[in-house]
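Here is a short briefing on one protein model. Look at the structure first, then read the points below by topic.

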Amino acid sequence: MQEVIERKSIKNIDFNCDLAQSYGIYKNNQEYELLDYVSSVNISSGFHAGDPVTIKNALLKAKEKNVAIGAHIGFNDIQGFGYRTVELKEDELEALVVYQVSAIMSFAKAYGLSIEHVRPHGAMYKACGEDFTFASSVAKAIKKCSDWLVYYGPMGDITAKVGDYAGIPVAQEICLEKTYNPDLTVDYAIPDNTNNYEMIKRLQHLLHTSQIRNNLGGMSFCEANTIHFSNKNSNSLDLIKEAKKLISPAPVNYINAKTSGWVD
């Protein structure tokens, strides 16, 4: 018998995108297009992308748009854009995470800013969604930098359990273009969806029911807190414009404060 899941609408959600996804002469000229539509940004920390000038410019743009700022961390793989797995011991992984988070924290402080979250990138993001031990190591390293930082993790049980285990606030992230397994891990064998109509329909269903269709044709319940909008596709700007017509996004920390009664 198929399990019946209670319909539960989503009232508040964050929209996030990546910034400083350039390095030296290699520039991402599209990334600022989404800034008028997101509520938070993830700024590359220099290991998979992001040189000092690019990071500074991204921070100042985020400040201008008054969006929440986070560090975008990855493996030390500038040639592979952080898409290749690097085998590390736990203490090496901790040092890698702390180094990158601290860099963005200090950079932000120099311009009167502070960061609110940390989002893994590429192969690190994939490992965080599939390996509890790995994700826990990343989360514990983030917590060493600040108790207040939110860990933006891949949607699913691993991220939820890591939050409790590491004692760190978490935000479960969904990517509208990804295909998900029933347990909400990403099915990386299926190419990203580039059909905006289908992705908006998926978002509508998510907002009304807190469910998404999985790769087996069934529905999976998900407690999504943030939606990642990639700027890799030529129609990304159109997608986020349509998404913002459905719901006005808000940063995760603001949503949490509102829920707790700290702000109106």
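Helices and strands are DSSP runs, numbered from the N terminus; a helix has at least four residues and a strand at least two. By that count, L206 is found in helix 6. The model is predicted.

- Strands of a sheet pair through backbone hydrogen bonds, and the pairing is either parallel or antiparallel.

**Strand 5 and its partners**

- Strand 5 covers residues 150–154. Is this strand mostly covered or mostly open? It is mostly covered, with five of its five residues buried.
- On one side, strand 5 pairs with strand 4, residues 117–120. The pairing is parallel and has two bridges.
- Which residue of strand 5 stands opposite H117? It is V150.
- Strand 5 also pairs with strand 6, residues 170–175. This pairing is parallel too, over four bridges.
- Here G153 stands opposite Q172 in strand 6.

**Strand 6 and strand 9**

- Strand 6 pairs with strand 9, residues 226–228. The two are parallel, over three bridges.
- I174 stands opposite I227 in strand 9.

**Pockets**

- Rolling a probe the size of a water molecule over the atoms shows where empty space is left.
- How much space lies in the largest pocket? About 490 Å³.
- The lining of the largest pocket has 21 residues. Nearest its centre lie Y83, H121, G122, K178 and K232.
- Helix 3, residues 122–130, gives the most to this lining: four residues.
- By class, the lining of the largest pocket has six nonpolar, eight polar and seven charged residues.
- The second largest pocket holds about 360 Å³ of space. It is lined by 16 residues, and K8, N12, E223, A224 and N225 are the closest to its centre.
- Strand 6 and helix 8 (252–260) are the elements that give two or more residues to the lining of the second largest pocket. Helix 8 gives the most, with three.
- This second lining divides into seven nonpolar, six polar and three charged residues.

**Cavities**

- How many cavities of 30 Å³ or more does a search of the whole structure find? It finds four.
- The largest cavity holds about 70 Å³ of space.
- Its lining is made of E177, N193, N196, M199, F229, S230, N233, N235, S236 and L239. Helix 6 (196–209) and helix 7 (236–246) are the elements that give two or more residues to it.
- Three of the residues lining the largest cavity are nonpolar, six are polar and one is charged.
- The second largest cavity has about 50 Å³ of space.
- Y125, K126, G129, E130, P154, M155, L184, T185, V186 and Y188 line the second largest cavity. Which element gives the largest share of this lining? Helix 3 does, with four residues.
- The lining of the second largest cavity has six nonpolar, two polar and two charged residues.

- L206 and C222 are 16 residues apart along the chain. Their C-alpha atoms are separated by 8.3 Å.
- N66: This residue lies in the loop between helix 1 (52–65) and strand 3 (68–73). Its phi is near 60°, a positive value in a residue other than glycine.
- N66 counts as exposed because its relative accessibility is 70%, and exposed means over 50%.
- L184: This residue lies in the loop between strand 6 and helix 6. Its phi is near 75°, again positive in a residue other than glycine.
- Is L184 buried or exposed? It counts as buried, at 8% relative accessibility. L184 is also one of the residues that line the second largest cavity.

Conventions
Residues are numbered from 1 along each chain as its sequence is written. This is a predicted model: local features need pLDDT of at least 70, side-chain atom pairs count only at pLDDT 80 or more; totals for chains, interfaces and linings use all residues. Side-chain values use heavy atoms; hydrogens and water are left out. Buried means under 20% relative accessible area, exposed over 50%, partly exposed in between (1.4 Å probe, protein chains only). Two strands pair if DSSP finds at least two bridges between them. On a 1 Å grid over the protein atoms alone, a cavity is a set of points where a 1.4 Å probe fits but cannot get out, and a pocket is an open set with protein on both sides within 12 Å along at least five of seven lines; lining residues have an atom within 4 Å of a point. Grid points are joined across faces, edges and corners, and a volume is the space filled by probe spheres set on the points. Ala, Val, Leu, Ile, Met, Phe, Trp, Tyr, Cys and Pro count as nonpolar, Asp, Glu, Lys and Arg as charged, and the others, Gly among them, as polar.
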